[in-house]
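This report describes selected strands, helices and backbone features of one protein model. Please consult the sequence and the structure shown below while reading.

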Amino acid sequence: MEENRYPLFNEFRTGKIDLDSTMKLLEKFHIPFDFEHVKHVFKKTLDKRKTHMINIEDFRAIYRALVHRSEFRELFCAYSPNCKILAATDLIEFLRREQYETEACETTALEIILKYEPIEEVRRRRQMSFEGFIRYMSSEDCSVFKNDHKTVYQDMNHPLCDYFISSSHNTYLISDQLVGPSHLWGYTSALLKGCRCLEIDCWDGSNNEPVVYHGHTLTSKIPFCSVIQVIDKYAFVASDYPVVLSLENHCSPKQQEVMADYLGSILGDKLLTSTIGDTVVTQLPSPEALKFKILIKNKKVGTIEEGMLRRHTDSHGETGVISEFEYLSDEDETDEKAPLYPRSHSSKRKREHIHSPSPRKKAKMKKMKIAIALSDLVVYTKSEKFVSFEHSLTNQKCFENNSIGEVRARKFVKHSAKEFVSHTSRFITRIYPKGTRANSSNYNPQEFWNVGCQMVALNFQTPGLQMELQDGKFLDNGGCGYILKPEFLRNHNSTFTPQNVGRYSKPMSLSIRLISGHQLPPSNLSKTNKADPLVTIEIYGVPEDQAKKKSSVIKSNALSPRWDELFSFTVQVPELALIRFCVEDEISLVANEFLGQYTLPLLSLSKGYRNVPLLSKDGGNLEPASLFVHVWYY
């Protein structure tokens, strides 16, 4: 701060500086500030002076109140012999002992000094001042999320079914399912979040132009071609790995052909139209092999081989028929909102496909016409009606996937988890929210990740705990939208179930010391910058790992609440666990108000002294709001 005084002198020559100039000056220090907190500290300073302006000494005091955190000072003085300067050797010792960076050496220390030390003279001496230490401790490098998990680090060469895949339901909606607007922003924002499986609900539109909306409801309509243009533009901005378009197809064969034409003409080479390598598919290709490709998930007529033979012939006007038994008990959550279309269409050639029912339920035969041109675009992601685990094991091919509604899937988790795990180790399984969730609410995705379901589709437009778990899980592996499942969910012979983890348990002992909060969002009830914050630390995972611990409440302090409380957890299946830090404002004995949260995979936690960035309800960054914690596990 002393060495930084010269540029300040110009500003203060007049001896007068107001709140606005104070904010501008603080920005020059490259440390983020929350305006509410600055305003409050500024006002407190003015109260002592009975004026609207402050002088340079006041500015220093404001800066120290906001930046010189006591918890950082304690750490700094523990390693700095004179409490003024850290030599490179002191910094190395701090990194090794406190931050568990066993490889830390002189090079590491010098890199940090060059990156974070703002005082040139100190930097030249290869040392670090308290100012540099503050900047380092508040930086990304000290984030609670492991640095090497911020890029793709997992093996991307397994077959597609070996990954959890970030998936969205009714991607075109941006509010509720009945009267809300359908909007292209739904696709853009999902793709920018790294979502890799999008749902497109297609219906016949006027002038032979298919439209996308939630059928039989008052949601607005968007042209199918516009949706595909947006997908073409944003598909690979956040991730290089394949995007799957899950078509919820209600169009007549004539408009299905229009869809096929748009997919081909707009997506061009990105559209996967043939197998890579062998025409006979015995195993799904990997995300690596499908980089920058867009796959179509839809019903398909006939075999992949037949489709490949037709590749260069014109199949316009040709249709096939798919006959399926529809079980009456599926009605409550079927994804198909209505019959596909009137069956008055004649076709050049008809191909039939029949699935036999299981005897347990009443079934009615349903026939669907599908345009060959669209059917042939389906290669590795063929939608297949789910009958039973037994039926799939005997009849299903590796490139056939099932969609199961959440109600039915939950029953399977409860009564046949082992068979469910065995099924998802072989076949891509998509879970979708029940149709009665008219307000676009979400289910907890964790229970379906626990049995290895790859595409657990959520309403991305609905903020809340469920989307926080989704966003937290998919922060992993560079946010690329694909996360390698644990070995016990990939192995065909696994006996793992979430209720009885048995020999698959790898217990982890975790302790988190909640030290402090910094510039937390003030309470909605506060006229100044106050809140009564408390922190809840939660573990989500298999049932026996679910846990929740609460801190005490710190009264009327959102700027720098200090807890110093220790929380310990034992986690049996860390590979599936997420940890969530949630900060709330206690507004009465029975009610708390959400201030911010951060969720991440348990195995992405960094050890040592770490800052936890906080996110708002809709996932936005609340910088500079953060928690300061110490993490340790073995």
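The structure is a predicted model, in which local features require pLDDT of at least 70, side-chain atom pairs count only at pLDDT 80 or more, and totals for chains, interfaces and linings use all residues. Residues are numbered from 1 along each chain as its sequence is written, and side-chain values use heavy atoms, with hydrogens and water left out.

Helices (H or I, at least four residues) and strands (E, at least two) are DSSP runs, numbered from the N terminus. Strand S17, residues 508–518, is mostly covered, with nine of its 11 residues buried. Buried means under 20% relative accessible area, exposed means over 50%, and partly exposed lies in between (1.4 Å probe, protein chains only). Two strands pair if DSSP finds at least two bridges between them. S17 pairs in the antiparallel sense with two strands, as tabulated here.

| Partner of S17 | Bridges | Bridge pair |
|---|---|---|
| S20 (residues 562–571) | eight | Ser516 with Arg562 |
| S24 (residues 621–633) | eight | Arg513 with His630 |

S24 also contains Pro624. The peptide bond from Glu623 to Pro624 is cis, with omega near 10°.

**The mixed sheet**

A separate description concerns an open sheet of five strands in the order S6-S5-S4-S7-S8, with mixed pairing. Its edge strands are S6 (222–223) and S8 (294–297), each of which pairs on one side only. S7 (residues 243–249) runs parallel to S8, and four bridges join them; Val243 stands opposite Ile294 in S8. Helix H12 (residues 253–267) packs on this sheet and touches S4 (197–203), S7 and S8, its direction making about 165° with that of S7. Contact here means heavy atoms within 4.5 Å. Axes are lines fitted to C-alpha atoms, for helices over the stretch in contact, and angles run from 0 to 180 degrees between N-to-C directions.

In helix H10 (residues 184–192), the buried residues are Gly186, Tyr187, Thr188, Ala190 and Leu191. They pack against S4, S5 (211–212), helix H11 (224–234) and S7. Just after H10, Gly194 takes a positive phi of about 90°.

Lys221 lies in the loop between S5 and S6 and counts as exposed because its relative accessibility is 53%. Leaving aside neighbours within four places in sequence, Lys221 is in contact with Val211, Val212 and Tyr213. The C-alpha atoms of Lys221 and Val211 are separated by 6.1 Å, although the two residues are 10 apart along the chain.

**Packing of H2 and H4**

Helix H2 (residues 19–27) packs against helix H4 (residues 56–67) at an angle of about 60°, with the axes 12 Å apart. H2 is therefore oblique to H4; angles under 35 degrees count as roughly parallel, over 145 as roughly antiparallel, 65 to 115 as roughly perpendicular and the rest as oblique. Thr22, Leu25 and Leu26 of H2 meet Phe59, Tyr63 and Leu66 of H4.

**Backbone exceptions**

Most residues other than glycine have a negative phi, and most peptide bonds are trans. Arg126, which is not a glycine, has a positive phi of about 60°. Arg126 sits in the loop between helix H8 (120–124) and strand S2 (127–129) and is partly exposed, with a relative accessible area of 49%. Asn477, also not a glycine, has a positive phi of about 55°. Asn477 belongs to the loop between helix H19 (465–473) and strand S16 (482–484), and is buried at a relative accessible area of 0%.
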